[in-house]
Amino acid sequence: MLPFSSTQTKPSLLPPNLYPSSHSFSHSLLPPYSTLKSPKKQTHLDLQRLRIQAIDAAQPFDYEFQIKTQYQKSNALKIGIIGFGNYGQFLARTFVQQGHTVLAQSRSDYSNVAQDFGVSFFADPNDLCEQHPHVVLLCTSIISTEKVIKSFPFHRLRRNTLFVDVLSVKEFPRDLFLNYLPAEFDILCTHPMFGQQSGKDSWVGLPFVYDKVRIGDSGFRLSRCEKFLDIFAKEGCRMVEMSCAEHDRHAAGSQFVTHTMGRLLEKFRLESSSINTLGYETLLNLVENTAGDSFDLYYGLFMYNKNAMEQLERLDMAFEALKKELFGNLHEVCRKQLFGSAEGIGIQREKETAKPQKLLSSGTQIRSNEDPQNGAQKGYDNGHASLNSASMSLR
């Protein structure tokens, strides 16, 4: 068989970088020697045909593809989600899209949903733990968290597993983790400040609060924590590092108040109309967002955040103050409408009474609208009556 160089014609037919080379051809692609044309008769089309068949062919030794695959695997985490309800599924979708391996366990059977997401579902937490996930993500309800942690088979996990929660309160799960988790486990408390409704289109700009409660100082453990946080950073979240205590103080004044107003307006039964204002549309959206969350979430925000009661009392005081202000102004208006004329007459009489009065010889005052002679006669009659009564007593 002729070497490849003998089959090439003048360099002017093809650019140098498009000529076939030995590493991009298989010898079987070349025709038999007897059928090869002489260099003088070989055409540009023949060379182009060979070039198209062989250029950039997929080979098992494609090092670029292998390096890319290896890089993706090295940055991928195996994440076990405990509690595969609405919020667990909401997060799992993004985890899978970023190339992470996701395992899930829940009391209810979500095997069909998990299969659609590309998630491995386990009915028993022991089976999930035997897969040795890098991260165990707690997505249970607030009120069931303690029960789940107390019964969890930690002994089946690797000794340095990272535990993460996404509850809406932070001091409560932090204390549970510190009390029940083995000392070798890492703890990361997080709160994505968005849900299925507010984050259904994008997570860009939405706050993600986290507190590195206990992270080992080895390179692997630090890198694992950063890789998990990077999931939310890649989606455009606004990353906020904050202590659990500070989070609960701020969340009581924002999240709990928001849920309270939304549920209050839901019971008020707001209805849409053809003349909705933008402000009213905002209220309707608030009701829709809060109504999509379970009451257990709202109850957990109240029960397991020590700052919630204070906010509830402040709301009550604010509402009472507002009613007093409204009714105070209303009483003034009604008083003027109902008693305005009578009060005017009374004020006029007070002014008249305040004028200096003349005295009769008997000491009786003369009214301003009374004739002095009549006043004198009345004074005389009064004095005469007093003498008569005195004489009767002497008898």
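Predicted model: local features only at pLDDT ≥ 70, side-chain atom pairs only at ≥ 80, totals over all residues.
**Reading salt bridges, strands and cores**

Visitor: With which residue does Asp230 form a salt bridge?

Guide: Side chains of opposite charge can pair when their charged atoms come close. The criterion here is a side-chain nitrogen of Lys or Arg within 4 Å of a carboxyl oxygen of Asp or Glu. Asp230 forms such a bridge with Lys234, where the closest N and O atoms are 3.7 Å apart, and Lys234 counts as exposed at 60% relative accessibility. Both residues belong to helix 9 and are four residues apart, about one turn of the helix; helices (H or I, at least four residues) and strands (E, at least two) are DSSP runs numbered from the N terminus.

Visitor: How many salt bridges does a search of the whole structure find, and where do Glu320 and Lys323 lie?

Guide: The search of the whole structure finds 11 salt bridges. An α-helix has 3.6 residues a turn, so residues three or four places apart point the same way. Glu320 and Lys323 are three residues apart in helix 13 (residues 308-353), which means that about one helical turn separates them. The closest N and O atoms of this pair are 3.3 Å apart, and the two residues are partly exposed, Glu320 with a relative accessible area of 33% and Lys323 with 28%. A network is also found, in which salt bridges that share partners join Glu171, Arg174 and Asp175. Within it, Arg174 and Asp175 bring their closest N and O atoms to 3.1 Å; Arg174 is partly exposed at 21%, as is Asp175 at 34%.

Visitor: Which way do the side chains of strand 5 point?

Guide: In a regular strand the side chains alternate between the two faces of the sheet. In strand 5 (residues 162-165), Leu162 and Val164 point one way, Phe163 and Asp165 point the other way, and all are buried. Strands count as paired if DSSP finds at least two bridges between them. Strand 5 pairs in the parallel sense with strand 4 over four bridges, and with strand 6, also parallel, over four bridges. Phe163 stands opposite Val136 of strand 4, while its bridge partner in strand 6 is Ile187.

Visitor: What hand has the β-α-β unit made by strand 5, helix 8 and strand 6?

Guide: A crossover is right-handed if, with the strands pointing away from the viewer, the path from the first strand over the helix to the second runs clockwise. Strand 5, helix 8 (residues 171-180) and strand 6 make a right-handed unit.

Visitor: Which residues of helix 4 are buried?

Guide: Helix 4 (residues 86-97) buries Tyr87, Gly88, Gln89, Phe90, Leu91, Ala92, Thr94 and Phe95. Their cover includes strand 1 (78-82), strand 6 (186-192) and helix 9 (219-234). Thr94, at 8% relative accessibility, is in contact (heavy atoms within 4.5 Å) with Trp203 and Glu235, leaving aside neighbours within four places in sequence.

Visitor: How many residues has the largest nonpolar core?

Guide: A nonpolar core is a set of buried Ala, Val, Leu, Ile, Met, Phe, Trp, Tyr and Cys residues joined through side-chain atoms within 4.5 Å. The largest has 33 residues, and those with the most contacts inside it are Ile79, Ile81, Leu91, Phe95, Leu137, Phe228 and Phe232. Helix 4, strand 5 and helix 9 are among the elements that each supply at least two residues of this core. Phe232 touches residues including Leu91, Phe95 and Trp203, not counting those up to four places away in sequence. Apart from this core lies another, of 27 residues, among them Leu128, Ile149, Leu167 and Leu176.

Note on methods. Residues numbered from 1 in each chain as written. Heavy atoms only, no water. Buried < 20%, exposed > 50% of the residue type's maximum accessible area, 1.4 Å probe, protein only.
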